[in-house]
Amino acid sequence: MPRYYFNVLNGTASFDDEGVELQDDEAAWRQATTTAGELLKDIDGKFRPDQEWSLEVTDARRKPIYVISISAQKK
């Protein structure tokens, strides 16, 4: 099975060094949405206007295949 890595970028980068083996890109997308939801729960008021947060999914060669991004702006 292919290995996928889930990197969090939120002002600082947190790179996944272990990765996880999943069946295919679709399974990696499902894992990304689940992981993003879990991580966003932990932001708990810390996310501020003019900040960005993203979860990047890469394949075994570390080539990005998906990115889930959230940004906030004060108008």
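**Entry 1: Asp 24**

I began with Asp 24, which I found to be partly exposed, its relative accessible area being 33%. That value falls in the partly exposed class because buried requires under 20% and exposed over 50%. I note here that the model is a predicted one. I located Asp 24 in the loop between β3 (20-21) and α1. I then looked up what its side chain reaches, and found the backbone nitrogen of Ala 27 at 2.9 Å. I also checked Asp 24 against Asn 10: the two are 14 residues apart in sequence, and their C-alpha atoms are 26 Å apart in space.

**Entry 2: the chain as a whole**

I next turned to the overall layout. I counted 1 helix and 5 strands in the chain. Read from the N terminus, the order of the elements is β-β-β-α-β-β. For the extent of the C-alpha trace along its principal axes, I recorded about 45 × 20 × 20 Å. The chain has 75 residues, and 31% of them count as buried. I noted an accessible surface of about 5400 Å², with 46% of it belonging to carbon and sulfur atoms. Of the contacts between residues at least 6 apart in sequence, 44% join residues at least 24 apart. For the charges, I found 10 positive and 14 negative, with mean positions 6 Å apart.

**Entry 3: the largest nonpolar core**

Which residues of the largest nonpolar core touch the most other members? The core has 13 residues, and I listed Tyr 4, Phe 6, Leu 22, Ala 32, Trp 53, Leu 55 and Val 57 in answer. I then traced where the core residues come from: β1 (3-9), α1 (25-41) and β4 (52-58) each supply at least two. The element that gives the most is α1, with 4 residues.

**Entry 4: Asp 59**

Is Asp 59 buried or exposed? I found that Asp 59 counts as buried, because its relative accessibility is 11%. A polar atom of the Asp 59 side chain lies 2.9 Å from the backbone nitrogen of Lys 63. With residues up to four places away in sequence not counted, I recorded that Asp 59 touches Arg 3, Tyr 4, Tyr 5 and Ile 65. I had already met one of these, Tyr 4, in the list for the largest nonpolar core.

Note on methods. Residues are numbered from 1 along each chain as its sequence is written. This is a predicted model: local features need pLDDT of at least 70, side-chain atom pairs count only at pLDDT 80 or more; totals for chains, interfaces and linings use all residues. Side-chain values use heavy atoms; hydrogens and water are left out. A nonpolar core is a set of buried Ala, Val, Leu, Ile, Met, Phe, Trp, Tyr and Cys residues joined through side-chain atoms within 4.5 Å. Buried means under 20% relative accessible area, exposed over 50%, partly exposed in between (1.4 Å probe, protein chains only). A polar contact is a pair of N or O atoms within 3.5 Å; within protein, one must be able to donate a hydrogen and the other to accept it, and residues adjacent in sequence count only if both atoms are side-chain atoms. Contact means heavy atoms within 4.5 Å. Accessible areas come from the Shrake-Rupley method with a 1.4 Å probe; for residues, only the protein chains shown count as cover. Lys and Arg count as positive and Asp and Glu as negative; His and the chain ends are not counted. The place of a charge is taken as NZ of Lys, CZ of Arg, CG of Asp or CD of Glu.
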